[in-house]
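Here are my notes on the model. Please read them with the structure open.

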Amino acid sequence: MPINLDALVISIIVNTIIISPVLWLSGRAIVGKQKAKFTDAIWIVILGTVIGTFFGAFFSGIIATIIILILWLALVKHFFDCGWLKAFVISILAVIIFVLIVIILGIIIGIAILTIGF
């Protein structure tokens with residue numbers, strides 16, 4: 001299966017803009033500001049996206065998904081200098097923060113659309 005490099009570059013840019021701040025915030029909350037640097041969060045997202053894309057191009061299914069999940073956890077563990085459990089907690093917290101941001105933005109945009117529309 002060929003890899004579309006244009007899509008990969010767009011995916012890297014979008015993921016970096018969206019995921020890096022959330023990952024950085026959750027990393028700071030769990031391991032502290034000394035270990036969780038914003039540049040580390042950027043590297044985690046870039047490497048995770050690139051390696052995950054190449055891996056996903058050759059493998060598919062539940063096994064590939066589990067391996068990509070372990071890859072992301074290994075990147076968080078390495079760059080934020082923590083253990084596997086803390087890497088997992090950082091990842092779960094990042095998902096929770098992301099969902100809260102999406103809900104808040106949805107409410108704000110929904111209210112804005114309702115007030116402008118009427």
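1. Start with the pocket. H3 gives the most to the lining of the largest pocket, with 6 residues. H1, H3 and H4 each supply at least two lining residues. Helices are DSSP runs of H or I, at least four residues, numbered from the N terminus.

2. The lining has 15 residues in total; Ile 19, Trp 72, Ser 91, Ala 94 and Val 95 lie nearest the centre of the pocket. The space in this pocket is about 330 Å³. A pocket here is an open set of points on a 1 Å grid over the protein atoms alone, where a 1.4 Å probe fits, with protein on both sides within 12 Å along at least five of seven lines; lining residues have an atom within 4 Å of a point. The volume is the space filled by probe spheres set on the points.

3. A caveat on method. This is a predicted model: local features need pLDDT of at least 70, side-chain atom pairs count only at pLDDT 80 or more, and totals for chains, interfaces and linings use all residues. Residues are numbered from 1 along each chain as its sequence is written, and side-chain values use heavy atoms, without hydrogens or water.

4. Now Asp 40, in helix H2 (residues 38-58).
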